[in-house]
Amino acid sequence: MVIKKFFQTSIICGLLLLTSCSTFSFVFERLDWFALWRLDSMFELSDEQEALLQPELIELQQWMRDEGFPTTIEKLEALLALWDEEKPEAAYLHLMSSLDELNQLYLNAMEDQVVKFSLSLTKENAQHYRVYTDDKQEDWFEQASSLDARIDDDIERLETWFGHLNDQQVSIIERMASLTENELQIRIDNLRTWRESFLQAALNRDTSLIRTWLNDLSIFWTEEYTLLKQHNKQQRQALLFELFPTLTLKQKHHAHDYVVDLIDKLRDVIPNKS
């Protein structure tokens, strides 16, 4: 959940992915170590850079306990209430708006740490990150490599929330699946544009631009990617709204239990203030 996954995609999606793991508490309690390990693999940090970052990561970890996770739990509990009231469309819209709000909340909390880290980057760090992202882009964008890959990715994501999908539901996904022309290249071009814009700002020590970017990540996106992102968002909503009426009681309970489990895992790392 650092740099690329934090800032180009959704922080909260990354958080939800992490909380879905049984080792969440173990990883969170060692957040500074795991974050440094990830950042080092991406940028090949010096000992001085690691020493600079570690106290910042510990401070961020405490903020998550005190503010970030309690706010996230409130949003998830509201989502759960709408879901249990048999209002899946309202629950989905609440989730989407919550993702936007929470992303910005977490970005605001991390702003000083990200700026400090960015201003410490060297040309060698930047080149290492270019190689890292070029090596990873095939995995990151696998779902855009073909229509079959998109369908498989949709099914996998939805089964995380709802459990096993039946033949009717898979047919809906297959019928509504779409892949924009040149989508893979659009994503690759956007990655490179975003990456170079960020690295240039960092190497130029342009604090103002970095802060502006953290308040509006889209300023480093290509126009094609912005349109693609909006199109895919509309397609995802249309798919889910058609899928919701087909959900079985077991699948609804699976989604309920999934959210409860996320909430419990977040609560487990929040100190008891009673």
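Is Trp 194 buried or exposed, and what is its relative accessible area? I looked this up in a predicted model, and I noted that Trp 194 is buried because its relative accessible area is 0%, where buried means under 20%.

**Entry on the ring partner.** I then turned to Phe 198, which lies with Trp 194 in helix H10, 4 residues apart, or about one turn of the helix. At 1% relative accessibility, Phe 198 also counts as buried. The rings of Trp 194 and Phe 198 form a stacked aromatic pair, with 6.0 Å centre to centre and 15 degrees between the planes.

**Entry on the helix contact.** I followed helix H10 (residues 183-203) to helix H11 (residues 207-215), and I found that the two pack at an angle of about 140 degrees, with their axes 8 Å apart. On the H10 side the contact is made by Trp 194, Phe 198, Ala 201 and Ala 202, while H11 brings Leu 209, Ile 210 and Trp 213. By class, I listed 7 nonpolar residues in this contact, with no polar and no charged ones. I also wrote down that H10 passes H11 in a left-handed crossing.

**Entry on the other rings.** How many aromatic pairs does the structure hold? I noted 19 of them. One is formed by Trp 33 and Phe 34, and this pair is edge-to-face, with 5.0 Å centre to centre and 90 degrees between the planes. Trp 33 counts as exposed at 53% relative accessibility, whereas Phe 34, at 21%, counts as partly exposed. Finally, I traced a cluster linked by ring pairs, and among its members are Trp 194, Phe 198, Trp 213 and Phe 220.

Notes: Residues are numbered from 1 along each chain as its sequence is written. This is a predicted model: local features need pLDDT of at least 70, side-chain atom pairs count only at pLDDT 80 or more; totals for chains, interfaces and linings use all residues. Side-chain values use heavy atoms; hydrogens and water are left out. Axes are lines fitted to C-alpha atoms, for helices over the stretch in contact, and angles run from 0 to 180 degrees between N-to-C directions. A crossing is left-handed if the near helix is turned anticlockwise from the far one by less than a right angle, and right-handed if clockwise. Contact means heavy atoms within 4.5 Å. Ala, Val, Leu, Ile, Met, Phe, Trp, Tyr, Cys and Pro count as nonpolar, Asp, Glu, Lys and Arg as charged, and the others, Gly among them, as polar. Rings of Phe, Tyr and Trp (its six-membered ring) pair if their centres lie within 6.5 Å; planes under 30 degrees apart count as stacked, over 60 as edge-to-face and the rest as tilted. Buried means under 20% relative accessible area, exposed over 50%, partly exposed in between (1.4 Å probe, protein chains only).
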